[in-house]
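This report follows one protein chain from its overall make-up to the contacts between its side chains. Please keep the sequence and the 3D view at hand while reading.

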Amino acid sequence: MLRKLVQLLLIFATATVVFAESAYNLPHLATGTFSQGSIRTTFLVFNNSDLASVVRISLKDNAGAPLPVTIPGLGTDSQFTFELAAGQTRFLQTDGAGTLKEGSAIVRASQRVGVSAIFSIYDRNGGFLTESGIAASEALNQAGLAVDISSTSNTGVALQNLQSEPVTVTFNVFRSDGTLQAGPVTRDLSADGHLGVFVGGPGGLFPSLVNFRGLLVLDSPQQIAALTLRQNSVPLSFTTLPVTPRGSTRSSYMLPQVANGGGIIKTTFVLFGLGTEALVS
């Protein structure tokens, strides 16, 4: 019996070390009802390796405390652990019930896996309205994101503190010609905390910012994860976009799909510079 117990402890210790090897940041999640309907978050995890992987999804609220949600089939918890067989894919969607909750998630796996999330919005009767997906976000200290604010749209940013201590993030906003529009302003993130905030409008980072297109630059002394949310109010819909790390040396980008025509679809190319020199694109 003692020998078996020692073997189990060794296996557990080994699994714990391996388990921490791969981590994936999801800077925003939301689930629950609001005035116009409800929202659910789907965690999409797939294993394209030849080995089984143990996956753990940990959810935190704005203050960095555990955030319990209900995922049918897995129950209600702030942490979900399951095994993903080689080649297996799982779609895990929150139930969207109860008061609206928001926060962030970290997915850890014993083998490298694919991780993304889908935000789905439903009307008051449960009818599907729209959805948007995000990939996992990398850790960063400085980044930029495009801002588009009009009478029907606004741009938001979601931040996830990857540290076990509080951090203060600084924001500056620049006009489309590269000159400073406003800033700096700061926001505090709790340890392991989350912040979702619009750039302009009441309660936003820059409340007086209206009819504006430009660039928001964020700066953090500690590593965080971030993503962009562009919301359209009529009809209610939103788009999630990545942020671009400042100082990135990447100079080419592939866009696998563009479409235009039929009077129903257009493609918008969003370009912004993060350096101190002009660019030719």
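The place of L271 is in the segment after β18 (244-245), and at 69% relative accessibility L271 counts as exposed, where exposed means over 50% relative accessible area, buried under 20% and partly exposed in between, with a 1.4 Å probe and protein chains only. L271 makes a nonpolar surface patch of about 460 Å² together with L255, V258 and F269; such patches are made of residues with over 30% relative accessible area and no salt bridge, nonpolar side chains (Val, Leu, Ile, Met, Phe, Trp, Tyr) being joined within 5 Å and like charges within 9 Å.

The model is predicted, so that local features need pLDDT of at least 70 and side-chain atom pairs count only at pLDDT 80 or more, while totals for chains, interfaces and linings use all residues. Residues are numbered from 1 along each chain as its sequence is written, and side-chain values use heavy atoms, with hydrogens and water left out.

**The chain as a whole**

The protein chain has 1 helix and 18 strands, these being DSSP runs numbered from the N terminus (helices H or I, at least four residues; strands E, at least two). Of its 281 residues, 39% are buried. Among contacts with a separation of 6 or more, 73% are between residues 24 or more positions apart, a contact meaning heavy atoms within 4.5 Å. The accessible surface of the chain comes to about 15600 Å², and carbon and sulfur atoms hold 55% of that surface, as computed by the Shrake-Rupley method with a 1.4 Å probe.

**Aromatic rings**

A search of the whole structure finds 2 aromatic pairs, a pair being rings of Phe, Tyr or Trp (its six-membered ring) with centres within 6.5 Å, called stacked when the planes are under 30 degrees apart, edge-to-face over 60 and tilted for the rest. The rings of F119 and F238 are tilted, because their planes stand at 40 degrees, with the centres 6.2 Å apart. This pair links distant parts of the chain, since F119 lies in strand β9 (residues 114-122) and F238 in strand β17 (residues 237-242), 119 residues apart. F119 is buried at 1% relative accessibility, and F238 is buried at 12%.

Y122 and F128 form an edge-to-face pair, 5.9 Å centre to centre and with 75 degrees between the planes. Y122 is buried at 11% relative accessibility, whereas F128 is partly exposed at 49%. The charged end of R40 sits over the ring of Y122, 4.0 Å from its centre, which requires NZ of Lys or CZ of Arg within 6 Å of the ring centre and within 35 degrees of the ring normal.

**Salt bridges**

Side chains of opposite charge can pair when their charged atoms come close. The structure holds 3 salt bridges, each a side-chain nitrogen of Lys or Arg within 4 Å of a carboxyl oxygen of Asp or Glu.

| Salt bridge | N to O distance |
|---|---|
| D192 and K60 | 3.7 Å |
| D148 and R213 | 3.2 Å |
| D148 and R230 | 2.7 Å |

D148, R213 and R230 are linked in a network of salt bridges. D148 is buried, with a relative accessible area of 12%, while R213 is exposed at 60% and R230 is partly exposed at 31%.
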